[in-house]
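I opened the model to look up a few items in one chain. My entries follow in the order in which I made them.

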Amino acid sequence: MTTASLLVLSAFLFTVGVAGFLLRRNALIAFLSIELMLNATNLAFVAFARQHGNLEGQMAAFFVMVVAAAEVVVGLAIIVAVYRARRSASVDDANLMKF
Amino acid sequence: MILLETFQAVPATGLFSLAWLLIAIPLATSFLLLLLGRVSDSWGHWLATLAPIASFAIGLLLFLQMLGADEGSRAVTVHLYDWISTGSWNVSVGLLIDQLSILFVLLITGVGSLIHVYSIGYMAHDDRRRRFFAYLNLFIAAMLTLVLADSYLILFVGWEGVGLASYLLISFWAHRDSASAAGNKAFIVNRVGDLGLAMAMFTMFSLIGSVSFVDVNAAAGEMGGWATLIGFLLLLAACGKSAQVPLQSWLLDAMEGPTPVSALIHAATMVTAGVYLVIRSNVIYAQTPEATLAVAIVGTVTLLAGAWIGSSKDDIKKVLAGSTMSQIGYMMLAAGLGPIGAAFAIFHLLTHGFFKANMFLGAGSVMHGMNDDVNMRNFGGLAKAMKITFLTFAAGYLAIIGFPFTAGFYSKDHIIEAAFESNIILGTLALLGAGVTAFYMTRLMMMTFFGQKRWEPDVHPHESPAVMTVPLIILAILSLFAGLFLNGWIQDWLAVPTGHEVHNTGLLHITPIGWLTMAVVAVGVFIGWYMFKDDIPKTVPQTKNVFAHAGRNDLYGDAFNEHAIIRPTKELAAGLAWFDRTAADGVPEGGATVAAGLGGLLRRTQNGYSRTYGLTLVLGVIGVALVVALGQLG
């Protein structure tokens with residue numbers, strides 16, 4: 001398995017994440033898409049770490065995972081709170097912060 | 001060009017080092033009375049009267065000591081403290097007591113004391129008498145600062161102080177709108193003159209870095225053309241303070257103040273400060289014939305203008321005010337004649353201080369008996385009702401018209417003679433002024449003290465109390481005899497500070513011009529007597545005489561100011577306000593409008609959909625990535 005094919009997979013996953021975030025209205029799916037983008041970058045990190053034969057990329061991947069875990073906790077809490085208040089998990093319904 | 005010897009002042013010793021008490025005593029009483037408030041209502045006026053008397057006693061002691069000293073060491077400087085001390089630029093506060101300033105000290109405190117005593121009676125029924133006396137003391141302190149200063153800057157402090165006291169006292173009865181307006185007018189017109197003095201000081205500072213009299217006198221010789229500029233600026237200052245044309249308009253309105261104020265400030269002392277300034281700067285004027293001539297011309301114009309106004313007014317105080325302008329015009333004329341006239345200017349200033357204070361206080365006494373009426377058409381026949389007032393007023397009258405051997409006879413004749421000596425035109429005009437003076441003073445006497453009684457029905461004239469008549473008697477004696485004592489002596493006494501040329505001024509030495517003056521005065525008296533010996537109508541007679549109309553309207557001085565200065569200034573202000581509203585405010589307001597409009601447009605992008613923000617983020621990242629990638633390629 002070459003680094004190039006790993007990077008192609010990573011870019012594909014990232015693109016799927018971006019498209020998901022931009023196109024889906026369900027807050028949970030949008031959230032899932034963000035996780036997908038994070039893990040696509042993680043894949044890129046470890047692919048480069050493997051090519052260079054050092055641990056820096058793997059370290060960065062761990063950092064991203066920790067941050068993602070923390071983010072999931074906060075993000076899901078917000079989504080649940082919004083759902084309770086508005087009976088909706090659609091991101092388009094939470095549009096009060098505008099002109 | 002005449003080179004003058006500048007005085008050499010010696011440092012103060014003994015009694016002279018206490019000279020600051022002259023100023024400190026009235027200043028302290030003034031503040032005391034103002035701060036204590038009603039507590040001092042019952043005794044404040046007595047304390048305030050003691051203050052100028054104490055200053056007078058100190059002044060007299062200093063004077064006697066100077067009289068004993070030899071001529072070279074009479075001028076004494078008293079260093080008080082350093083005001084500003086910054087390396088090369090130092091201003092110290094000090095007093096200069098010389099032959100000139102000590103005469104002023106005696107005049108201010110002497111006449112001031114008499115007027116304080118008089119005011120005890122005159123203001124007896126006023127609720128705010130204590131405040132009045134506090135202001136009078138403040139004036140005495142400021143005026144003494146003015147004449148005792150050893151530099152123009154300290155003089156300026158006193159100059160502004162007397163301006164403040166004058167303002168407070170003119171508008172003392174501020175419940176009358178006219179008094180309030182008159183106070184403002186005096187203050188504002190004086191600002192114009194103050195500008196002249198301030199700019200003269202700026203010029204001196206930039207030229208020689210000092211404004212002390214000693215330094216300025218020493219450097220006057222090297223000033224060249226700057227001396228002319230300083231001379232004109234000082235003349236502007238003198239015009240403002242001494243109510244000379246073109247800044248004369250405030251003095252007639254200043255008569256709104258209580259009569260003792262008119263006597264002290266607007267006749268005897270403050271209005272002569274301009275003359276003092278010119279005489280004190282005589283070394284500068286010696287360098288500049290142009291400015292000196294301008295002083296003489298201003299004096300001549302004013303002496304005629306004042307006499308003109310005095311001839312046509314029915315208000316007794318305004319006649320005296322016009323007369324004051326006129327007499328100060330004589331002093332300015334004498335000061336503008338250079339060294340031959342300077343001592344006579346001071347001589348006339350002193351005698352004028354006596355006889356004009358006398359007559360103003362006499363007018364106050366008349367008003368006191370006539371329920372504060374000032375219209376001479378309601379007077380008449382008062383000679384019998386108010387004997388002491390009449391006799392003392394008559395002494396002042398004789399002195400001002402220059403009746404032989406009275407004070408004015410010597411001082412005014414000397415000025416006319418000196419004027420003839422230097423310029424025939426100025427001399428002739430001064431002689432004419434003497435005739436008009438005799439006319440309007442005779443008119444005043446006839447309308448007030450002689451003829452039919454034209455009193456209002458409820459008026460019962462009575463003589464004033466002794467506290468008012470005693471100062472009148474003392475001033476009357478001085479009006480009659482001061483000239484005899486001062487005549488031979490004053491020129492020698494003032495030789496050093498004014499740099500004079502001694503004239504033959506014997507008591508009985510009457511020159512042809514002296515005889516001529518007497519003849520002109522006699523004609524003036526005769527015309528005055530002839531025109532006003534018969535019945536005088538109660539109302540102002542209608543007349544088509546343009547001269548009378550001009551005189552009654554103060555020679556249109558107010559109208560001139562209105563059209564030449566006030567209206568253009570208002571127009572200019574209105575124009576500037578329009579510019580401010582449109583152009584000056586328009587620029588920032590226009591900018592703000594554009595920014596607000598742009599903000600409104602940009603606000604549209606905030607639509608509240610998180611997808612839009614996400615897209616923006618993605619596009620931004622792609623943009624950054626493109627820039628980086630293209631950078632790598634390039």
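Predicted model: local features only at pLDDT ≥ 70, side-chain atom pairs only at ≥ 80, totals over all residues.

Residues are numbered from 1 along each chain as its sequence is written, and chains are lettered from A and ligands numbered from 1 in the order in which they are written.

**Entry 1: a loop residue**

I looked up B:Ile510 and found it in the loop between α22 (495-498) and α23 (512-532) of chain B. For burial I count other C-beta atoms, placed from the backbone, within 10 Å of a residue's own: 20 or more is buried, 12 or fewer is exposed, and in between is partly exposed. B:Ile510 has 14 such atoms and is therefore partly exposed. B:Tyr410 is 100 residues away from B:Ile510 along the chain, and their C-alpha atoms are separated by 9.7 Å.

**Entry 2: chain B overall**

I noted 26 helices and three strands in chain B. Its C-alpha atoms fill a box of roughly 120 × 65 × 55 Å along the principal axes. Of the 634 residues in chain B, 52% are buried. I call two residues in contact if their C-beta atoms, placed from the backbone, lie within 7 Å. Among the contacts in chain B with a separation of 6 or more, 80% are between residues 24 or more positions apart.

**Entry 3: helix α8**

How far apart are the end C-alpha atoms of helix α8 (residues 225-241) of chain B? They are 25 Å apart, which agrees with the 24 Å that 17 residues should span at 1.5 Å a residue; the expected span is 1.5 Å times one less than the number of residues. I counted 12 of the 17 residues of α8(B) as buried, so the helix is mostly covered. Among the buried ones are B:Ala227, B:Ile230, B:Gly231 and B:Lys241. The cover over these buried residues includes α5 (152-170), α6 (177-208) and α13 (289-312) of chain B.

From α5 of chain B I picked B:Gly163. It has 21 C-beta neighbours inside 10 Å and so counts as buried. Leaving out residues up to four places away in sequence, B:Gly163 touches B:Phe187 and B:Asn190. B:Gly163 and B:Phe187 are 24 residues apart in sequence and 6.7 Å apart, C-alpha to C-alpha.

Two packed helices are described by the angle between their axes and the distance between the axes. I use axes fitted as lines to C-alpha atoms, for helices over the stretch in contact, with angles from 0 to 180 degrees between N-to-C directions. Angles under 35 degrees count as roughly parallel, over 145 as roughly antiparallel, 65 to 115 as roughly perpendicular and the rest as oblique.

Helix α14 (residues 316-336) and helix α18 (residues 407-422) of chain B have axes that come within 10 Å and cross at roughly 45°. They are therefore oblique to each other. On the α14(B) side I listed B:Tyr330, B:Leu333 and B:Ala334, and on the α18(B) side B:Lys412, B:Ile415, B:Ala418 and B:Ala419.

Helix α15 (residues 339-369) of chain B packs on α18(B) at about 150°, with the axes 9 Å apart. That makes α15(B) roughly antiparallel to α18(B). The residues of α15(B) that meet α18(B) include B:Phe344, B:Phe347 and B:His348.

**Entry 4: backbone exceptions**

Most residues other than glycine have a negative phi, and most peptide bonds are trans. Which bond is cis? The one joining B:Val245 and B:Pro246, with omega about 10°. B:Pro246 is in the loop between α8 and α9 (249-253) of chain B. B:Ala243, which follows α8(B), has a positive phi near 55°.

B:Asp372 has a positive phi near 60° and sits in the loop between α15 and α16 (382-385) of chain B. With 9 C-beta neighbours inside 10 Å, B:Asp372 counts as exposed. B:Tyr556 also has a positive phi, near 60°, in the loop between α24 (546-552) and α25 (557-603) of chain B. B:Tyr556 is partly exposed, with 14 other C-beta atoms within 10 Å.

Methods: Helix = DSSP H or I, 4+ residues; strand = E, 2+ residues; numbered from the N terminus.
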